[in-house]
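Please look through the sequence and the structure below before reading on, and keep both at hand while you follow the explanation.

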Amino acid sequence: MRHIKDVNLKGKRVLLRVDFNVPTDGNGNITDDTRIRKSLPTMQKLIGDGARTILITHLGRPKGEFDEKYSLKNVAKRISEIIGREVIFTQSLLGEEVTDMVNNMKDSDVMLLENIRFYKGETGGDMEFAKELAKLGDAYVNNAFGTVHRNHASVSLLAGLFPNDHYFGFLMEREVENLSYLLGNPKHPFTAIIGGSKISGKIDVLDNLIPKVDNMIIGGGMRYTFTKALGGKIGNSLHEDDKLGVALDLVDKMKKHNVNLYLPIDCIVIDDFRNDANCQLVKGDEIPDGWEAVDCGPKSIELFREVILKSQTILWNGPMGVFEMPNFAKGTFGVARAVAEATQNGAFSVAGGGDSISALQQLDMMDKMSFVSTGGGAMLEFLSGIELPGLKYMK
Ligand code: AMP
């Protein structure tokens with residue numbers, strides 16, 4: 001793995017692909033700058049070495065043309081505040097003006113190119129577009145783990161255009177190392193806790209993890225597809241009828257690999273989808289008609305805690321219930337607390353996915369995990385074991 005920590009890129013024009021797709025309010029103000037801060041060590045290293053850093057990122061999903069709403073103007077300002085130096089901001093990405101600005105950069109200067117998704121060539125994975133971009137730099141650094149599963153020009157093609165001058169940034173390296181550990185030879189017992197609304201989107205990751213884990217805890221809405229497939233009563237709970245067969249195949253595979261499957265043994269059900277709806281505690285596979293399960297019950301939380309505390313390696317992705325409603329966050333918070341406790345006792349834990357991160361933030365427990373992945377979809381695809389477009393040329 002070629003890493004920027006092993007080189008000094010002084011005087012070089014470095015194209016640094018980052019994921020500064022930060023959340024904003026309706027007026028373009030940044031509401032959380034974590035993603036920018038996550039790349040601070042990489043930016044500092046390049047600035048310290050005297051490289052000329054050219055930042056490339058996307059923001060939101062513009063339709064391949066300029067759209068004021070997705071301009072990086074405020075992002076440039078915030079980067080500037082975080083790194084403590086001026087950021088040169090280009091209104092466009094390509095063309096003579098940008099080339100001139102790049103040519104006028106001095107050592108340690110930092111430039112931010114306007115939103116790369118204003119160009120159709122980015123999401124189209126267009127090689128000609130990538131070649132134009134490549135002309136702006138002498139080296140390429142990829143630190144955008146959150147987009148590593150996308151076949152987008154600046155993510156998947158640029159590394160190949162700098163065959164001897166592409167490098168992992170610090171964030172990227174940590175993501176790949178920690179997630180690779182889970183797929184390699186982790187300590188046992190290894191417990192995966194997978195939640196969220198739907199089984200679709202998580203089938204590949206479940207399939208790939210089964211031969212590697214000892215325990216599989218499945219919670220959230222997706223567990224009702226399993227429960228229905230196994231003959232349980234799920235009332236009005238979320239489920240996917242077209243995935244019942246897949247769920248049974250996964251259960252069979254778990255049996256074959258001696259994986260202990262834990263589904264919530266009790267759950268909270270409601271009669272209307274609101275925080276203050278009528279609710280009752282029922283058995284996990286005996287949900288009455290007209291009621292919908294939205295969280296695990298206390299027995300499940302205790303059972304999961306016991307399993308988690310006996311684990312040496314833990315992966316957690318996805319909420320155990322509709323945790324956005326405060327009354328139904330207990331399962332998700334219970335899992336977060338148990339993983340934190342296990343980590344304190346010496347287990348290695350990895351958490352990821354936007355909802356798990358949000359739960360950890362609410363509990364002020366971000367630093368209680370061994371590692372928190374910044375990539376939601378990217379993390380799941382990585383753990384599915386498939387070759388990711390953004391890593392194809394990164395050697
Ligand atoms: P996903 O995007 O598939 O990871 O799912 C995340 C969403 O799953 C969150 O917004 C949760 O509110 C939702 N969720 C978790 N448990 C349930 C449940 N039992 N019923 C409906 N939605 C759920």
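**A walk through the model**

G195 counts as buried, because its relative accessibility is 0%, and the cut-off for that word is a relative accessible area under 20%. This is a predicted model, and that should be kept in mind throughout the paragraphs that follow. G195 belongs to the loop that runs between β7 (190–194) and α9 (203–209). Although G195 and M222 are 27 residues apart in sequence, their C-alpha atoms are 6.7 Å apart in space.

Between I217 and E96, which stand 121 residues apart along the chain, the distance from C-alpha to C-alpha is 55 Å.

We can now turn to the ligand and its surroundings. Which residues come nearest to the ligand, out of the 15 around it? They are S197, K202, G221, A293 and E324. Sorted by class, the shell around the ligand consists of six nonpolar, five polar and four charged residues.

Three of these neighbours can be followed down to the level of atoms. In the case of K202, an N or O atom of the side chain lies 3.1 Å from an oxygen atom of the ligand. With G221 the backbone takes part, for one of its N or O atoms is 3.1 Å from a nitrogen atom of the ligand. A293 likewise has a polar backbone atom that lies 3.1 Å from a nitrogen atom of the ligand. The ligand, taken alone, would expose 500 Å², and the protein buries 77% of that area.

Empty space inside the protein is the next topic. Rolling a probe the size of a water molecule over the atoms shows where empty space is left. In this model the count comes to one cavity of 30 Å³ or more, and the largest cavity holds about 70 Å³ of space. Its lining is made up of D19, F20, R35, K38, S39, N143, G146, L171 and T374, and by class this lining has two nonpolar, four polar and three charged residues.

D19 sits in the loop between β1 (13–17) and α1 (34–38). Is D19 buried or exposed? D19 counts as buried, because its relative accessibility is 9%. A polar atom of the D19 side chain also lies 3.1 Å from the backbone nitrogen of N21.

The buried residues of α2 are L40, T42, M43, K45, L46, I47 and D49. After α2 comes G50, which has a positive phi, near 90°.

A last stop lies in helix α13 (residues 330–344), which contains T343. T343 counts as buried because its relative accessible area is 14%, a value that can be set against the cut-off of under 20%. The side chain of T343 is joined to the side chain of S349 by a polar contact of 2.8 Å.

Notes
Residues numbered from 1 in each chain as written. Predicted model: local features only at pLDDT ≥ 70, side-chain atom pairs only at ≥ 80, totals over all residues. Heavy atoms only, no water. Near = heavy atom within 4 Å. Polar contact = N/O pair within 3.5 Å; in protein donor to acceptor, adjacent residues only side chain to side chain. Areas by Shrake-Rupley, 256 points an atom, 1.4 Å probe, with all protein chains shown as cover. Nonpolar A, V, L, I, M, F, W, Y, C, P; charged D, E, K, R; others polar. 1 Å grid on protein atoms, 1.4 Å probe; cavity = no way out; pocket = protein on both sides within 12 Å on 5 of 7 lines; lining within 4 Å. Points joined across faces, edges and corners; volume = space filled by probe spheres on them. Helix = DSSP H or I, 4+ residues; strand = E, 2+ residues; numbered from the N terminus. Buried < 20%, exposed > 50% of the residue type's maximum accessible area, 1.4 Å probe, protein only.
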